Amino acid sequence: MKQYDINKVKNITLAGHNGSGKTSLAEALLYKAGASDRLGKTADGTTVCDYDSEEIKRAVSINTALASFEYDDFKINLLDTPGLFDFAAEMVEGIRACDTVMITVSAKSGVKVGARKAYDEAVKQDKSKMFVVTKIDDKDANFFNVLTELKTVFGPTVCPVVVPVLHNGSIVSYVNLIEMKAYKYDAKGNAVETEMPTAEISEKFEYRIDGLIAAISEAVAETSDELMEKFFEGEEFTKKELIDGIHDGMNRGIITPVVCTSAADLAGIDMLLKEIELLLPAPNEVAPAAASDSTEIKCCADSPLAAYVFKTIADPFVGKMSMIRVMSGRLSANSEVMNAASGSTEKIGKLYTLCGKKQTEVSCAEAGDIVVASKINANTGDTLCDSSRIIALPAMEFPKPCYSMAVKAKSQGDEAKISSGIQRLIEEDPTLSYAQDENTKEQILSGLGEQHLEVAAAKLKNKFGVEVELTVPKIAYKETIRKKVKVEGKHKKQSGGHGQYGHVWIEFEPCVSDGLVFEEKVFGGAVPKNYFPAVQKGLEESVKKGVLAGCPVVGLKAILVDGSYHPVDSSEMAFKTAASIAYKEGLRQADPIMLEPIGELKVTAPDDKTGDIMGELNKRRGRVLGMEPVSHGTTLIQAEVPMREMHDFAMYLRQTTRGLGSFDFNFLRYEQLPANLLSDVIMAVNSDK
């Protein structure tokens with residue numbers, strides 16, 4: 001692939017709700033541009049962008065795929081991101097690397113949560129936006145209803161550019177409102193110019209087209225004083241004025257064009273490619289990126305190198321592959337660059353451009369381009385730069401893991417493989433985390449949802465050859481006592497020769513501590529001092545298991561007050577055993593109780609769902625502490641909830657809020673387990689052993 005002038009590069013990320021047609025649109029663009037020789041289908045697993053085995057199996061996008069192709073003297077870097085909320089990190093990474101976010105909206109189902117999230121992320125990252133209304137050929141499609149919904153949800157910046165002409169419920173042609181020309185499409189997706197529609201062809205279309213022309217003219221007029229003056233004087237804008245106005249408006253975030261396409265029969269795909277050329281900003285036209293120290297990074301090939309690693313791919317055969325957006329300067333193959341994050345030198349070997357899984361080697365990538373490097377040490381979020389100007393670009397903000405499962409190898413001896421494999425997956429996906437629970441000693445894998453962890457487990461098997469079992473994590477229950485008791489512990493055994501003799505009186509009482517507090521108040525040498533450590537050690541070993549369910553005991557104070565010894569038969573082991581006997585008897589008498597962990601919950605949800613969520617928290621034995629508005633239409637609910645009740649809360653919240661809700665949940669303290677749950681918990685704890 002040849003080197004392209006920075007003005008001839010377009011970086012686009014496809015984002016939107018799952019099932020809105022992102023991958024099919026990418027497939028149609030690649031096919032129409034001649035970058036692929038067949039029109040693949042998601043359902044058949046034959047698309048360019050969904051090439052991972054799990055994507056083919058599930059018929060959904062899981063990873064962000066890069067498809068770079070050439071069209072009409074332009075280089076277009078297309079990033080196809082997943083729409084499933086479990087893989088939200090992929091969308092964040094894709095939007096970070098692009099200049100324009102192309103948001104797909106189904107003409108059949110309209111604006112869904114995924115479109116809103118993509119739009120919000122694009123606004124957050126200050127990217128230009130375009131809506132593509134897909135599946136326009138569907139019998140239940142209604143473009144104009146969707147257009148109205150887009151304006152209602154996203155405001156007056158929404159501006160139609162390509163619209164369908166309907167007659168008796170069927171599309172007869174497509175009108176390009178910039179060119180003011182109408183086109184029909186044959187069975188192969190080739191456009192033929194036709195007459196502009198009249199009222200006879202489409203009911204009320206003359207009224208509609210006047211309104212659409214007025215909408216596009218008004219949007220363009222907002223981009224400059226000269227155009228606004230011309231608009232008020234009633235003059236029509238030229239084609240160039242419309243193109244330049246929309247181009248400028250997109251770049252400034254005040255115009256969001258809307259086009260319509262059908263990936264199935266390729267209708268409108270050629271016009272979309274033309275709009276990509278004319279309307280979308282080039283890398284050097286967008287606002288310069290700013291480093292963490294506020295240094296402005298101009299997108300220019302003559303500046304020192306600054307490149308951002310926005311995604312990592314863990315490939316067991318090729319090794320680590322890093323997707324890189326070159327922000328300034330030139331990244332060359334077989335060169336050395338600085339990693340601003342680690343402070344070390346990175347040796348860049350071969351560089352590639354990708355079209356799905358097809359790799360094309362390139363010698364270098366200039367400012368504004370996207371390229372892939374293999375086998376470098378840099379991680380997602382690292383900045384590669386020239387040693388003459390060491391700068392770091394701001395890190396991406398990813399959703400926090402909110403759903404956890406315990407991981408166990410199906411085959412003995414695979415534990416090391418699991419650990420190394422998951423570390424590779426974490427390099428690839430920053431929303432995964434892996435750690436050992438200090439209390440239960442389980443290995444816990446956390447992510448954004450059930451499907452997220454299922455896919456991670458499948459990748460472990462397919463990529464790294466290790467099968468794992470995912471189970472609900474154990475709850476770290478503890479035990480304590482509620483009253484003070486004094487008990488005797490005596491260990492006496494005679495078996496010929498030296499016997500064993502240890503005798504103690506110990507007071508047990510509740511206290512505030514995370515374990516055992518030991519004291520001695522022995523008078524008159526009833527128990528020699530040299531046996532005190534043995535008594536303490538016997539108690540410390542005993543508190544690891546309580547008398548109710550065998551859980552660790554906390555908040556326990558033990559005072560050695562009396563006892564006796566034998567000058568020959570007493571030993572450290574005998575006193576250690578005696579202390580253990582006293583412990584077991586003392587806890588039974590001291591009104592033992594179970595403690596459960598309580599967490600602090602902060603839920604952000606739409607206002608109209610707060611009642612449902614608070615009702616659900618009450619069912620989960622939660623205590624709602626307060627509510628406060630955080631933004632327009634969103635409320636923060638604060639509560640305290642037992643961790644036992646929270647395992648599937650992520651799934652509940654996503655279903656109830658349709659993906660708009662989020663939450664943070666962190667351990668707070670231990671509280672007494674209700675008596676009605678005691679038998680169930682004891683049974684569950686014992687069954688896990």
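Side chains of opposite charge can pair when their charged atoms come close. K274 counts as partly exposed because its relative accessibility is 32%, whereas E277 is buried, with a relative accessible area of 11%. Here buried means under 20% relative accessible area, exposed over 50%, and partly exposed in between, with a 1.4 Å probe and protein chains only.

The model is predicted: local features need pLDDT of at least 70, side-chain atom pairs count only at pLDDT 80 or more, and totals for chains, interfaces and linings use all residues. Residues are numbered from 1 along each chain as its sequence is written, and side-chain values use heavy atoms, with hydrogens and water left out.

Helix α9 spans residues 269-279 and is mostly covered, with 9 of its 11 residues buried; among them are I269, M271 and L272. Helices are DSSP runs (H or I, at least four residues), numbered from the N terminus.

The structure holds 35 salt bridges. One of these contacts joins E541 to K576, whose closest N and O atoms are 3.0 Å apart. This pair links distant parts of the chain, 35 residues apart: E541 lies in helix α12 (residues 532-542) and K576 in helix α13 (residues 572-589). E541 counts as partly exposed because its relative accessibility is 38%, while K576, at 19%, counts as buried. E616 and R620 also meet through their side chains in a salt bridge, at 2.8 Å from N to O. Both partners are buried: E616 has a relative accessible area of 14%, and R620 is at 7% relative accessibility. Elsewhere, a network of salt bridges links E596, R621, R644 and E645.

The cysteines may be considered next. A search of the whole structure finds 0 disulfides, a disulfide being a pair of cysteine sulfur atoms within 2.5 Å. C49 is in no disulfide, and the nearest cysteine sulfur, that of C355, is 7.1 Å away. C49 counts as buried because its relative accessibility is 1%. For C551, the closest cysteine sulfur is in C511, at 18 Å, and therefore too far for a bond. C551 is also buried, with a relative accessible area of 6%.

Note on methods:
Helices (H or I, at least four residues) and strands (E, at least two) are DSSP runs, numbered from the N terminus. A salt bridge is a side-chain nitrogen of Lys or Arg within 4 Å of a carboxyl oxygen of Asp or Glu.
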